[in-house]
Structures are given as structure tokens and as C-alpha cells.
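Take a look at the model below. Then read on for a short tour of its chains, their contact and a few backbone details.

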Amino acid sequence: MKTIDTSGMSCPQPVLATKKAMEENPDGVMIMVDNTTSKENVQRFMLKNGYQVTVEKIDEAFVLTAKK
Amino acid sequence: MKNKIAIIVAGSVVGIFSVLLVFFGNPANMGFCIACFIRDIAGGMGLHRAEVVQYVRPEVLGLVLGSFILASKNKEFLSRGGSSPFTRLILSIIVMIGALVFLGCPLRMVLRIAGGDLNAVVGLVGFLSGIYVGILFLNKGFNLKRSYTLTHMEGYLFPFVNLVLFVILLAIPSLLFFSESGPGASKAPIWISLMAGLIVGGLAQKSRLCTVGGARDTILFRDSHLLLGLAMILVFSFLGNLAFGNFNLGFEGQPIAHTDGLWNFLGMSLVGWGSVLLGGCPMRQLILSGEGNTDSVISVIGLLIGAAIAHNFGLASSAAGATLPGQIAVILSIVILLIISWGNSEFLRKAKS
């Protein structure tokens with residue numbers, strides 16, 4: 001599954017990157033974020049678009065996995 | 001959902017506190033105004049000498065410190081920076097110029113609407129137009145490159161500076177400038193201003209409140225989460241104005257406002273466009289600056305410099321309307337925003353080459 005690293009990106013880039021990744025890979029994506037605000041925004045976007053979301057904390061980062 | 005509660009509470013409190021701060025002495029329809037208050041701080045520090053707008057507003061200091069306290073408590077403080085800092089400085093100068101031509105930041109725009117000021121509705125249309133243009137460039141790959149984690153000290157310094165400024169305000173006021181008349185002389189008691197700033201700073205940090213994000217995310221992602229916060233500010237400040245008898249519907253005679261429709265529109269379009277490129281409205285920049293985001297610190301410094309430039313060169317509007325230098329500055333700023341937007345949009349530049 002395609003993994004996108006959004007570390008260091010300014011708002012709203014993490015969600016924009018998620019949107020683009022999901023358009024290219026409708027079955028699912030993995031998005032890495034480095035802060036809680038991005039985690040919340042990306043998670044909300046994934047849920048809103050009908051995906052099931054799992055969140056894994058790895059050190060200081062989060063990996064959100066969206067699956068249909 | 002938990003996050004909806006946070007943004008509803010934050011917006012409601014901002015709305016209520018804005019009306020209460022006016023009751024306690026802040027200028028009319030200006031319980032909070034990030035642009036005006038940073039401009040007043042610029043005056044208080046002597047960066048400009050417009051005598052009617054000089055006062056180191058504790059609300060701003062409180063917003064930064066409140067955000068710092070809550071971010072630290074929630075382990076969300078993260079020292080980072082390095083994302084095109086000078087571009088951000090220029091963008092913020094432009095945002096401030098636009099705000100001072102309109103006579104308010106997006107938050108004050110909402111408070112003015114809640115006070116019945118229809119000129120601010122014209123500003124709102126401009127604001128949304130600017131946001132729309134910003135979004136066009138976001139969709140063309142506009143970005144200012146990534147930021148990187150920095151030392152803790154880099155992140156702590158700005159909240160520390162705000163604390164020092166507050167101590168100077170309290171203990172050595174003779175170092176600062178204070179308006180004796182005009183908006184700068186209209187102020188709530190220092191401790192009330194500070195407490196309001198601290199509480200709102202904490203709530204805004206927790207809820208991610210952002211006046212630009214609301215419209216931006218609704219257009220981009222059909223996500224009205226942040227818009228809900230903005231709506232709460234509008235509703236509660238409107239109700240508060242009704243309760244205090246501050247509501248006055250119309251264009252003429254509005255407090256600290258002018259009726260130059262074109263320049264209200266264009267001024268706020270600069271604010272909307274620039275804020276989208278910056279990743280957040282002026283209030284959000286203050287909150288992020290307390291969280292350790294030094295790109296936002298640079299943005300706040302840009303707002304401060306922009307305010308000084310505006311008043312040193314006669315760019316800021318008055319009740320009589322926009323000034324000629326202000327109008328020229330707005331047109332020049334549109335050109336600069338176009339250049340910055342195009343120059344940093346990956347897809348546009350790739351298509352060209």
C-alpha cells in the first residue's frame with residue numbers, strides 16, 4: 001500500500017496529500033503525520049470519505065491507515 | 001464527537017469574551033482584533049508613532065502564552081521551522097496591510113458583522129474571494145516546502161519574549177508608548193485582557209480554531225468543522241451585542257470602520273489569499289507561535305513589521321476611507337501575491353518548463 005510522509009508540511013498540505021493519494025489509490029493509503037493536529041485532520045478526512053481508519057503511533061509520529 | 005465540542009466551546013467563548021472585553025473598555029466591535037492589536041503593540045514599542053494606536057495589548061500576549069501552556073500540558077509543543085521563512089514574512093506584511101486597509105483581521109470582520117456593520121459583509125465577500133484564489137494555487141501545488149524539528153530553545157524563545165513584554169508592561173511602563181486618545185486608549189484592565197487572552201489562547205490551541213480554515217476546508221474538502229467555530233463566534237457575539245445594546249445595523253457611522261466598499265473588498269481579499277498561503281489566519285499564527293512553530297513566529301513578526309510600515313507610510317485607512325498610498329500598496333500587494341503564488345506552485349512551474 002502506498003505510504004505518504006507528510007512530516008513538516010503546513011496546513012492544509014497533509015489533507016491535500018491524503019486526498020491526492022486516495023484518488024490515485026481508492027483501495028486505501030497509509031499516511032504518516034508528525035503532529036496531533038494533522039492526525040486529527042487526516043483522520044477526519046478519511047472517515048468522512050467512508051474509509052475505515054487505524055492509527056498507529058511510532059515514536060513521535062502517527063501512521064494512519066485507510067481501508068475501504 | 002469530542003473535537004466538535006472543543007471547537008463549539010472555543011467559538012462561543014471567543015464570541016462572548018469579545019463582547020465582554022468591549023464592556024470592560026476595549027474599542028467598539030473590537031473585543032479581539034489580531035491585526036489591530038499587533039498594530040497597537042507595534043505602536044506601544046515605538047515601531048510606529050501613530051499616537052492614537054499605541055498600547056501593548058495583553059490579549060495578544062495572553063493568546064501566545066495560553067497556547068504555550070496548553071500545548072506544553074498536552075505534549076503538543078513541538079519546536080519546528082525553516083519553511084520558506086522570508087516568504088512567510090512578506091506574506092504576513094501583505095496580510096497586515098490588507099487588514100489595516102479594511103480596519104480589521106478576519107476575527108474583527110466577524111465581530112463587526114455581529115455588531116451590524118454591513119461594511120464588514122463587503123469585507124467578508126472579499127475575504128472569501130481571496131481564499132478562493134489561494135485555493136486555486138493550492139490545487140496547482142503551491143507549497144512553501146517542509147519545516148524541520150529544531151532545538152527546544154528555538155521554540156521556547158517566542159513565548160518567553162511575550163512574557164518579558166508583559167512584565168515590562170506591568171513593571172516598567174515608562175519604556176513603552178501609551179495612547180492618550182483614540183482606539184489605543186480604549187482598553188480593558190490589564191489583568192482582564194491577559195486572562196481573556198490566556199483562556200482563548202488555550203481553547204484556540206486545543207480546538208485548532210482558524211477563521212480561514214473554515215471556508216478553505218469547506219471549499220477544498222467539504223469539511224465544515226472549522227466553519228462551525230466561526231459560526232459560534234458570530235452567533236455568540238451577535239447575542240452579546242443584542243444583550244448589551246451594541247447592535248447597530250448599517251453602513252454609515254460604524255465604529256472604527258469606513259464605507260469604501262472596493263477597498264474593504266480588496267483589503268480583505270489580501271488577508272484571505274495571504275492567509276491561505278500561510279496556512280492559517282493571523283489568530284492561528286499567534287496560537288502556532290506559542291506551540292513552538294517558528295514559521296508562525298516569523299509570520300507574527302511580519303504582521304508587526306507590516307503594521308509599522310502601514311502607519312509609517314500612511315497605508316492604514318481611517319473612518320474617512322482608504323488612503324491613496326494604501327490603495328497603491330494593495331495593488332502592489334496583489335502583484336506580489338501573484339508572483340509568490342505562481343513561483344511556489346509546483347505544477348504551474350513544471351508545466352511552464
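## The nonpolar core

A nonpolar core is a set of buried Ala, Val, Leu, Ile, Met, Phe, Trp, Tyr and Cys residues joined through C-beta atoms within 7 Å. The model shown here is predicted. Its largest nonpolar core holds 123 residues. Six of them touch the most other members: Ile34(B), Ala35(B), Ile38(B), Met96(B), Ile97(B) and Leu100(B). Helix H4 of chain B, residues 85-102, gives this core its largest share, ten residues. In soluble globular proteins, nonpolar side chains tend to be buried together.

What is Leu100(B) in contact with, leaving aside its neighbours within four places in sequence? Its contacts include Ala35(B) and Arg39(B). Ala307(B), Ala310(B), Leu315(B), Ala316(B) and Ser317(B) are also in contact with Leu100(B).

## Chain A as a whole

Chain A has two helices and four strands. From the N terminus, they run in the order β-α-β-α-β-β. The radius of gyration of chain A is 10 Å, close to the 11 Å that the globule rule gives for 68 residues, so chain A is as compact as a globular protein of that length.

The C-alpha trace of chain A spans about 25 × 20 × 20 Å along its principal axes. Of the 68 residues in chain A, 41% are buried. Now take the contacts in chain A with a separation of 6 or more: 55% of them come from residues 24 or more positions apart.

## Where the chains meet

The contact between the chains takes 17 residues from chain A and 19 residues from chain B. In chain A, helix H1 (13-24) and helix H2 (36-48) each supply at least two residues of the side that touches chain B. H2(A) provides the largest share of that side, six residues. By type, the side of chain A that touches chain B has six nonpolar, seven polar and four charged residues.

## Backbone details

Cys11(A) and Pro12(A) are joined by a cis peptide bond, with omega about 0 degrees. Pro12(A) sits in the loop between strand S1 (3-5) and H1 of chain A.

Chain B has two details of another kind. Ser84(B) is not a glycine, yet its phi is positive, about 45 degrees. Its place is the loop between strand S1 (80-81) and H4 of chain B. Ser84(B) has 20 C-beta neighbours inside 10 Å, so it counts as buried. Ile256(B), also a residue other than glycine, has a positive phi near 45 degrees. Ile256(B) lies in the loop between helix H10 (225-244) and helix H11 (261-278) of chain B. Why does Ile256(B) count as buried? Because it has 22 C-beta neighbours inside 10 Å.

Conventions
Residues are numbered from 1 along each chain as its sequence is written. Chains are lettered from A and ligands numbered from 1 in the order in which they are written. This is a predicted model: local features need pLDDT of at least 70, side-chain atom pairs count only at pLDDT 80 or more; totals for chains, interfaces and linings use all residues. The radius of gyration is taken over C-alpha atoms; the globule rule is 2.2 Å times the number of residues to the power 0.38. A residue is buried if 20 or more other C-beta atoms lie within 10 Å of its own, exposed if 12 or fewer, and partly exposed in between; C-beta atoms are placed from the backbone. Two residues are in contact if their C-beta atoms, placed from the backbone, lie within 7 Å. Ala, Val, Leu, Ile, Met, Phe, Trp, Tyr, Cys and Pro count as nonpolar, Asp, Glu, Lys and Arg as charged, and the others, Gly among them, as polar.
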